Amino acid sequence: MAPNATAGVGTADTKDILSTDQVFASERDLGDDHVAIDGVVYSLNGWKHPGGDQIRLFGGNDVSVQYRMIHPFHAGNMVAKMPKVGTVSDYRMDYTFGSDFEVELKAAVAKVVKPSERFATPGFWFRLVCYISLYLACLVTYVTHGSSWALCTVFGVAQAFIGLNVQHDGNHGAISPNPALNELFGFGADMIGGAKYLWLQQHWTHHAFTNDVTRDPDSSSADPFFLFHNYPKDSPLRQTFHAFQAMYMFPVLSLYWISSIFHEEMLSVEQVAAKKAGMRFDNKYLKENKPWTYLVRGFYLSCIVGTPFFHNSPLLCLAHIWYMSTVESLALAIPFALSHNFEVSDRYPVAKGKVDWYKSQAETSCTYGGKIAGYLTGGLNFQIEHHLFPRMSSAWYPYIQPTVMAVCKKHGVRYAYFPTFGQNMKSTLSYVSNVGNNVETKKVK
């Protein structure tokens with residue numbers, strides 16, 4: 001479900017609410033203005049969602065996991081305020097909620113950061129202004145004076161800062177209790193070569209079903225050229241060249257920008273991997289907002305790809321664009337690649353049946369470094385904390401880390417921590433090599 005700005009889920013109005021005795025055979029039968037939670041179907045009409053209209057992007061889906069994930073501090077009866085439409089007779093639920101670990105974790109974290117104060121800190125706002133200012137300075141210089149090797153280096157890093165910090169927290173609804181501000185900063189994705197609405201589709205699906213190869217878009221995002229999941233030896237996806245994939249991981253990651261720019265999804269604005277995972281996003285909300293994607297994307301491409309040719313030779317322009325895209329891609333993709341691809345990561349948490357969602361989030365993720373790395377990566381180095389509390393500003397993760405680690409230890413939940421970026425990278429490269437050679441990685445305790 002889309003980001004919510006307050007502890008409540010909104011207030012209902014009986015206007016335009018349908019009968020509550022409808023029975024839907026499955027979630028595939030839900031309308032664009034319906035969502036299902038635990039087999040109960042709710043209408044998105046007739047009430048105001050505190051987190052804004054972005055909730056409608058999830059219309060037509062079962063959001064049982066997403067609802068709990070994005071509203072961790074809600075009382076269970078708060079969902080009753082949403083207008084009911086009916087029930088779903090057949091639905092899938094791979095995770096359990098309400099464990100002692102979850103209850104204690106949320107209570108302990110709430111003592112460190114009050115739920116109502118989980119948004120951006122003054123320090124985050126300062127960094128946000130710095131990152132946006134750097135981006136705008138580079139953009140203006142790039143457009144008015146042309147590209148250069150030095151400028152493309154800085155501009156590539158500046159775009160990565162926008163992706164890691166500004167758009168990421170914005171699209172998580174974690175910057176401000178004002179949904180309009182989060183929406184605005186979320187368009188930072190479109191200003192670095194991506195697309196806000198594609199990102200929302202993929203990323204929220206990834207967060208809900210982390211490392212479930214059948215439902216997590218990130219688990220299979222590079223198939224079949226590069227494998228993040230250790231498929232069986234006889235899998236048709238396996239190729240001889242995968243044995244060397246640790247050697248060509250960085251070249252593959254360097255193509256992130258180019259693959260985004262030329263992907264067919266940029267025309268449909270429908271995330272293919274999320275659709276394969278069973279999510280449906282071809283609803284009225286997305287269709288109404290597609291023009292924004294085309295408009296902002298058109299502006300970005302005209303600036304980045306078009307303007308250099310007014311200042312330099314065509315060949316030099318193409319070289320500069322390629323180089324800048326490589327810098328941005330590596331600065332963006334490497335932090336994400338480390339997050340869930342490392343030795344002892346639980347790579348398929350639901351393989352043996354239902355699991356505690358909070359436990360699975362901790363054991364499919366890792367954390368490395370400290371505050372400084374967090375300032376640069378938008379808190380992505382605190383991946384465990386981020387996946388447990390995705391609607392909390394990344395600025396708070398260093399403060400809740402000791403609490404999260406202590407609660408994990410008490411309940412026997414594995415907490416993978418690497419003191420340095422280099423140690424995390426070493427583990428990731430080892431894992432990637434093992435996957436390519438179909439070698440079993442370290443056992444998850």
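A search of the whole structure finds 3 cavities of 30 Å³ or more, where a cavity is a set of points, on a 1 Å grid over the protein atoms alone, at which a 1.4 Å probe fits but cannot get out. Grid points are joined across faces, edges and corners, and a volume is the space filled by probe spheres set on the points. The model is predicted, and local features need pLDDT of at least 70, while side-chain atom pairs count only at pLDDT 80 or more and totals for chains, interfaces and linings use all residues. Residues are numbered from 1 along each chain as its sequence is written, and side-chain values use heavy atoms, with hydrogens and water left out.

The second largest cavity has a volume of about 70 Å³. Its lining, made of residues that have an atom within 4 Å of a point, consists of F124, R127, N165, K371, G374, Y375, G378, G379, F382, S394, A395 and P398. These lining residues divide into 5 nonpolar, 5 polar and 2 charged, in a scheme where Ala, Val, Leu, Ile, Met, Phe, Trp, Tyr, Cys and Pro count as nonpolar, Asp, Glu, Lys and Arg as charged, and the others, Gly among them, as polar. Helix 3 (122-145) and helix 14 (371-377) each supply at least two residues of this lining, and helix 14 gives the most, with 3 residues. Helices (H or I, at least four residues) and strands (E, at least two) are DSSP runs, numbered from the N terminus.

In helix 5 (residues 179-186), the buried residues are N182, E183, F185 and G186, with buried meaning under 20% relative accessible area, exposed over 50% and partly exposed in between, for a 1.4 Å probe and protein chains only. The N-terminal end of helix 5 is capped by N178, a side-chain oxygen of which lies 2.9 Å from the backbone nitrogen of A180.

The next element is an open sheet, formed by 5 strands in the order 2-7-4-3-6 with mixed pairing; two strands pair if DSSP finds at least two bridges between them. At its edges are strand 2 (22-24) and strand 6 (61-62), each of which pairs on one side only. Strand 2 and strand 7 pair in the parallel sense over 3 bridges, and V88 in strand 7 is the bridge partner of F24. Strand 4 (residues 40-43) and strand 7 (residues 84-88), by contrast, run antiparallel and are joined by 3 bridges, with K84 in strand 7 as the bridge partner of Y42.

S64, in helix 1 (residues 64-70), is buried, with a relative accessible area of 0%. The side chain of S64 makes a polar contact with the side chain of D62 at 2.7 Å; a polar contact is a pair of N or O atoms within 3.5 Å, of which, within protein, one must be able to donate a hydrogen and the other to accept it, and residues adjacent in sequence count only if both atoms are side-chain atoms. Not counting residues up to four places away in sequence, S64 touches A36, I37, D38 and M93, contact meaning heavy atoms within 4.5 Å.

S329 lies in helix 12 (residues 314-340) and counts as buried because its relative accessibility is 0%. A polar atom of the side chain of S329 lies 2.8 Å from the backbone nitrogen of W257. With neighbours within four places in sequence left aside, the residues in contact with S329 are L253, S254, L255, Y256, W257 and I334.

S360, in helix 13 (residues 357-363), counts as buried because its relative accessibility is 4%. Residues up to four places away in sequence not being counted, S360 touches Y95, P349 and V355, while the C-alpha atoms of S360 and T210, 150 residues apart along the chain, are separated by 8.0 Å. V355 is itself found in strand 9 (residues 355-356), and, again not counting residues up to four places away in sequence, V355 touches D94, Y95, T96, P349, V350 and S360. V355 and Y95 are 260 residues apart in sequence and 5.0 Å apart in space, C-alpha to C-alpha.

Notes. 1 Å grid on protein atoms, 1.4 Å probe; cavity = no way out; pocket = protein on both sides within 12 Å on 5 of 7 lines; lining within 4 Å.
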